[in-house]
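I opened this notebook to record what I looked up in the model.

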Amino acid sequence: MRTIQKDSKVKKEVKRLLFCTVGAVVIAFNIKSFVNTGGLFPSGFSGITLLIQQICDTYFDFSVPYSAVYIPLNLPPIYIGIRYLGKKFTFYSIYVIALSSIMTDLLPAFRITNDVLLICIFGGIINGISVCLCLFVGASAGGTDFISIYFSEKKGIDAWNYIFMGNVCILITAGILFGFDRALYSIIFQFCSTQIIQMLYKRYQKHTLLIITDQPSAVYGRISEITHHDATLFKGTGCYEGAERNMVYSVVSSEEVNMLTKEIREIDPKAFINVIKTEQVNGRFYRRPND
C-alpha cells in the first residue's frame, strides 16, 4: 500500500515538473516570437521587465538581459508565496520563473507573422494557456500571479481582472515613452490572456447551488465528500402542489459544478438544480491546499 502511494506521489511530482517545464518554455517562446515581434508589453512583471529593457536600449544605449531584471523583480512575490501560499507551490513557481527567464535570453527570435493584431490575439491566447499549464499543477508563472492568488486565497475574490486594470498603468507609461499604438495593442494582448485564464482556470471562481430534492441527506453527503464544503438545508412549501420541499444550499468552486450536478442527478433524477455565479464569499470556505 505504501509503495502504491509513493508511486502515486512520484507520478504527481513528475507531472508537475513536466507541466511547469512546458509552461516556462512556452512563455519564453511567446515572448521571443510574438511579444518582441509586435513590440508589445505583456502583463505583470514580464511587461515591466520588457519596459525596463526598452528604456535601457533607447535612452541609455545598453542592453540588459531579461533574467537580470525579471528574477530580482520576483523576489517580493516569492516571499509572499513562501509565507502564505505554500513551500512546494513557491518552489515550482521559482523553477518556472528561472527557466522562463533563462530560455527568454537563450532562445533565438522567431518571427511567425508581422500582423500586429494577429500577434496580439494569438500571443495573448498562448500566454494564457502557458500560465494555466502552471496553475493546473500548483505553480505560477511569477509576478502578479502570486499577488492575484494571494488575494484570491485571503479575500475570496477572483482577482484576475483587478490585475488586468493594474497592468493598464504599466501600458500608459509605455505609451508615453514609446507611443500609444504599441500600448493599445498590448491591451488587446493582455485582455485575450486574461480571458483565457478565467475560462480555463476556475479554482477561485465560485458558484452557488440551490437544489430542491427529495434526498437532501444523500445530496449533502455527496457535496461534502467530493468538495469538503458544507451545505444548509431549507424547508419550504411547493406553491403548485402545496407539498413540503427540501432545498439544499451550498457554495462550491466553479470547477466542481459539473461533477456535482452529475452526481446529484444520479442520486435524485428529479432534483431541480439552480446554479448561480457567486462574485464573492465572506466567511469560512474550504480551499484545496496549493501543496
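I began with β2 (232-237) and strand β3 (residues 244-253), which pair in the antiparallel sense over six bridges. Strands are DSSP runs (E, at least two residues), as are helices (H or I, at least four), numbered from the N terminus; two strands pair if DSSP finds at least two bridges between them. I noted that K235 stands opposite N246 in β3.

The model is predicted: local features need pLDDT of at least 70, side-chain atom pairs count only at pLDDT 80 or more, and totals for chains, interfaces and linings use all residues. Residues are numbered from 1 along each chain as its sequence is written, and side-chain values use heavy atoms, with hydrogens and water left out.

I then traced the open sheet of four strands, whose order is β2-β3-β1-β4 with antiparallel pairing. Its edge strands are β2 and β4 (272-278), each pairing on one side only. On average, neighbouring strands are turned by 25 degrees against each other, direction ignored.

Angles run from 0 to 180 degrees between N-to-C directions, with axes fitted to C-alpha atoms, for helices over the stretch in contact. Helix α10 (residues 216-227) touches β1 (206-213), β2 and β3, and its direction makes about 5 degrees with that of β3. Helix α11 (residues 257-267) touches β1, β3 and β4, and its direction makes about 165 degrees with that of β4.

Technical notes. Contact = heavy atoms within 4.5 Å.
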